[in-house]
Structure formats: structure tokens, C-alpha cells
Amino acid sequence: MSTQDTEDIELPESLSYHDWAAAVREDRLLGQECGDCGHVSGVPSGACQECGGRDLTTVELPTTGEVYSETTINVPPEQFEERGYQVAVVDLGDARVMVRIEGDHVDIGGDVVLSGHIDTDDDHPAPTFEPAE
């Protein structure tokens, strides 16, 4: 989906998990910006994670970022059969999101780009990123 395409999409006034998950399935990232302190989060919440304010506005998040931290999961949760996959917290500028890394290994500080999403059997999508070229 191009940037032009996402500019035409109306953002929900209040971000629910359903709206957030639908955006992930469309390979987009939504977050919330606090009207009281300006903090931006990468997941839906009823209150700001920084100040507790409830004046939250849905915002479109960037699809490129920098790896803030990473680890490799060798003992996955029960529903995942794959072992040795990498997850990371990606800094998107104003927000950080936890993602799964696809493709080559990334290191802290590496540039990454949204590559799609995975959808588990329990219908909870998660964004995937890959190293930026």
C-alpha cells in the first residue's frame, strides 16, 4: 500500500483492538497520540501510558524504523512450532512497537521496514519487519 493510498483512509476516532488488528492485516500501523502530553503509543489503550490522560487521537505510524532491542525466541509459546525466530522492539520515531523480524538477522540500531504481518490460529495478527536495503 503506498503512502498516497493511506492518506485517503479515514482513521477511527477511538482506536480499538479490532481497528488496530484490521490495519495490521492491511500492512498499516496505527497508534494513539495523547492530547495532554504528546506521547505516541503503538498499541490501543484506554489511557496514555505516560501521563494517564484519556484525550487520545488515532494516528498512522511510520512503516520504517530502527531496531531498539531484539532477541531470538528459541522456546516459543505453545501455539508456535517454529523455533529460532527473531522479535524486536522497533523505534518508529514517536512510538515503539514489538514486531517479528523476517529474513536476515537484524542488530540493534539497524534500519528495518514493515514487510507484512503474521496471523496466528487465534486470529491475533502481528506486524513483521525486515532489514531495510
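Predicted model: local features only at pLDDT ≥ 70, side-chain atom pairs only at ≥ 80, totals over all residues.

Residues are numbered from 1 along each chain as its sequence is written, and side-chain values use heavy atoms, with hydrogens and water left out.

Now the barrel. It is closed by 5 strands in the order 4-5-6-8-7, with mixed pairing. Strands here are DSSP runs of E with at least two residues, helices are runs of H or I with at least four, and both are numbered from the N terminus. Two strands pair if DSSP finds at least two bridges between them. From one strand to the next, the twist averages 45°. Angles run from 0 to 180 degrees between N-to-C directions, on axes fitted to C-alpha atoms, for helices over the stretch in contact.

Take strand 4, residues 64-73, which runs antiparallel to strand 7, residues 111-119, with 3 bridges joining them. Thr64 stands opposite Val113 in strand 7, and Glu66 stands opposite Asp111. Strand 4 is also antiparallel to strand 5, residues 85-91, through 7 bridges. There, Glu70 faces Ala88.

Helix 2, residues 17-25, lies across strands 7 and 8, at about 40° to strand 8. Contact means heavy atoms within 4.5 Å.

On a 1 Å grid over the protein atoms alone, a cavity is a set of points where a 1.4 Å probe fits but cannot get out; a pocket is an open set with protein on both sides within 12 Å along at least five of seven lines; lining residues have an atom within 4 Å of a point. Grid points are joined across faces, edges and corners, and a volume is the space filled by probe spheres set on the points.

The largest pocket has a volume of about 380 Å³. Of its 20 lining residues, Phe80, Val87, Met98, Ile118 and Ala126 are the closest to the centre. Strand 6 gives the most to this lining, with 4 residues.

What is the volume of the largest cavity? About 40 Å³. Strand 1, residues 30-34, gives the most to its lining, with 3 residues. Among the residues that line this cavity are Cys34, His39 and Cys48.
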